[in-house]
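Hi,

Here is the structure I promised to pass on.

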Amino acid sequence: MRNTGIVLLILGLAAAVSIATAGTGEFEDLFENKDFSKWTKVDGSPVGKGWRIQKNGVVVRHGKDAGSINTKKHYRDFELVFDWKISEGGNSGVKYLVKGSLGLEYQVLDDAKHKDGKIPSHRSASIYELVAAPDDKPVKPVGKWNSARVVVKDNHVEHWLNGVKVAELVIGSADWKKRFEASKYKKHEGFGFWTGPIHLQDHQDVVWFRNVKIRKL
């Protein structure tokens, strides 16, 4: 019994380690030139004036009808890191495994003042609509920077917030199928299995991003 307990403890500790530790490649800065050369609107047209990059490298969705934007490159297994802060009552998100504008989403939200804050799986850092981040997640107040991390490796998805893993899911698992069938995504065949761009969402609210970097795993 003692040996079994030790084995279970070791397995538990291993499971707590991010799957991203397997990655060895360098991160690519998706705004390294302080421009949108690596991005387009969802329809492939150039990024409009509703998005801008400040002198300090902060990316801001600030204007009406900015439109969501996608990276030109597509990704399947990757580690994505970024910092975000949201405006009061605001809503946005970072999507991945995207087709068009549909994909899994790292929710960016003012949980306290946006109506989506009433739905656990729609709150900040959740795998939107599928897995709720816990109530005690280490989110910082509106107007303060949060650090995010998304890891996708062999259909295993992790969301991290300020250094803490707050949500995970295995695409295609029994748990996935249960959650998927109960979600608004259930009519979209292939959802979660696509290789696609990284997507910054325009939800008509002001949102800021910085240090947006990715590496393939």
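**Strands and their partners**

Val59 has Phe209 as its bridge partner in strand 13. Before going on, please note that this is a predicted model, where local features need pLDDT of at least 70, side-chain atom pairs count only at pLDDT 80 or more, and totals for chains, interfaces and linings use all residues. Residues are numbered from 1 along each chain as its sequence is written, and side-chain values use heavy atoms, with hydrogens and water left out.

Strands here are DSSP runs of E with at least two residues, numbered from the N terminus, and two of them pair if DSSP finds at least two bridges between them. Strand 13 turns up again and again. Strand 4 and strand 13 run antiparallel, joined by 3 bridges. Strand 6 also pairs with strand 13 in the antiparallel sense, over 8 bridges, and there Leu80 stands opposite Ile214. Strand 1 is joined to strand 13 by 2 bridges, again antiparallel, with Glu28 opposite Ile214.

**The core**

A nonpolar core is a set of buried Ala, Val, Leu, Ile, Met, Phe, Trp, Tyr and Cys residues joined through side-chain atoms within 4.5 Å; buried means under 20% relative accessible area, with a 1.4 Å probe and protein chains only. The largest one has 49 residues, and those with the most contacts inside it include Leu80, Tyr96 and Phe209. Strand 6 (residues 78-86) gives the most to this core, with 5 residues. If you click on Tyr96, you'll find that it touches Phe78, Tyr106 and Ile198, among others, leaving aside residues up to four places away in sequence (contact means heavy atoms within 4.5 Å).

**Salt bridges**

How many salt bridges does the structure hold? There are 13, counting a side-chain nitrogen of Lys or Arg within 4 Å of a carboxyl oxygen of Asp or Glu.

One of them joins Lys38 to Glu28, with the closest N and O atoms 2.8 Å apart. Lys38 lies in the loop between strand 1 and strand 2 and Glu28 in strand 1, so the pair ties together parts 10 residues apart in sequence. Both Lys38 and Glu28 are buried.

Another links Asp202 and Arg61, the closest N and O atoms being 2.6 Å apart. Since Asp202 sits in the loop between strand 12 and strand 13 and Arg61 in strand 4, this pair ties together parts that are 141 residues apart in sequence. Asp202 and Arg61 are both buried.

Cheers

Notes: Buried < 20%, exposed > 50% of the residue type's maximum accessible area, 1.4 Å probe, protein only. Helix = DSSP H or I, 4+ residues; strand = E, 2+ residues; numbered from the N terminus.
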